[in-house]
Amino acid sequence: MKILLVNGPNLDMLGVREPAVYGSNTLADLEKLVVDYGASKGVSVECYQSNHEGCLIDKIHEAHTTYDGIVYNPGAHTHYSYALRDAVGGIDTPCVEVHISNVDAREAFRHISVIAPACVAQVKGRGFKGYCDAIDILLEGPRERLG
Ligand code: DQA
């Protein structure tokens, strides 16, 4: 199985940005954790991060033919990007949405995900480990979209 790990805007700043919320480990630490976890389960993981909506859309389109699943933290795009929701909803490749923090316990604008309905599952508030949980969900087999 081949999985695409996608991190959206500002997640390149992990380790620097709001460590009380996101921890002190970096994006490189996160990607290593997920690649190693995937390898332990026989899954190959390719990592991608961008701060640009169009680049993220292009990468998700690519997953249509190239990957068996997507593990995706859309960052703030979660709360307003219908373009990314349509990108995820427009391909058959199953996508699990991940948030490091517990978005439901934060500001009201973070309680809404416009992308989740196009995803097959959502993992929130489990720190970096949530990305590994997302791999497990994809390995469990096909699921309906949440929406
Ligand atoms: C986040 C939560 C979002 O609200 C925020 O904009 C992020 C990170 C998380 O992983 O907890 O950039 O997706």
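The model is predicted: local features need pLDDT of at least 70, side-chain atom pairs count only at pLDDT 80 or more, and totals for chains, interfaces and linings use all residues. Residues are numbered from 1 along each chain as its sequence is written.

Start with the sheet. Five strands form an open sheet, in the order β2-β1-β3-β4-β5, and the pairing is parallel. The edge strands, β2 (44-49) and β5 (121-124), each pair on one side only. Neighbouring strands of this sheet are turned by 20 degrees against each other on average, direction ignored. Strands (E, at least two residues) and helices (H or I, at least four) are DSSP runs, numbered from the N terminus. Two strands pair if DSSP finds at least two bridges between them. Strand β4 (residues 95-99) is joined to β5 by four bridges. In one of these strands, β5, Q122 is the bridge partner of E97.

Now look at the helices. Helix α2 (residues 27-40) lies across β1 (2-7) and β2, at about 160 degrees to β2. Helix α3 (residues 53-66) lies across β1, β2 and β3 (69-73), at about 170 degrees to β1. Such angles run from 0 to 180 degrees between N-to-C directions, and the axes are lines fitted to C-alpha atoms, for helices over the stretch in contact. Two residues are in contact if their C-beta atoms, placed from the backbone, lie within 7 Å.

Next come the annotations. An unreviewed UniProt entry marks Y22 and H99 as "active site". They are spread over 78 residues of sequence, yet they cluster in space, with a largest C-alpha distance of 9.7 Å. UniProt positions are given in the numbering used here, feature names are shortened, and annotations may be inferred rather than shown by experiment.

Is H99 buried or exposed? H99 has 21 C-beta neighbours inside 10 Å, so H99 counts as buried. A residue is buried if 20 or more other C-beta atoms lie within 10 Å of its own, exposed if 12 or fewer, and partly exposed in between; C-beta atoms are placed from the backbone. H99 sits in strand β4. Y22 lies in helix α1 (residues 19-22). With 19 other C-beta atoms within 10 Å, Y22 is partly exposed.

The "binding site" annotation, also from an unreviewed UniProt entry, covers N73, H79, D86, I100, S101 and R110. Their farthest two C-alpha atoms are 24.1 Å apart, so they do not all gather at one spot.
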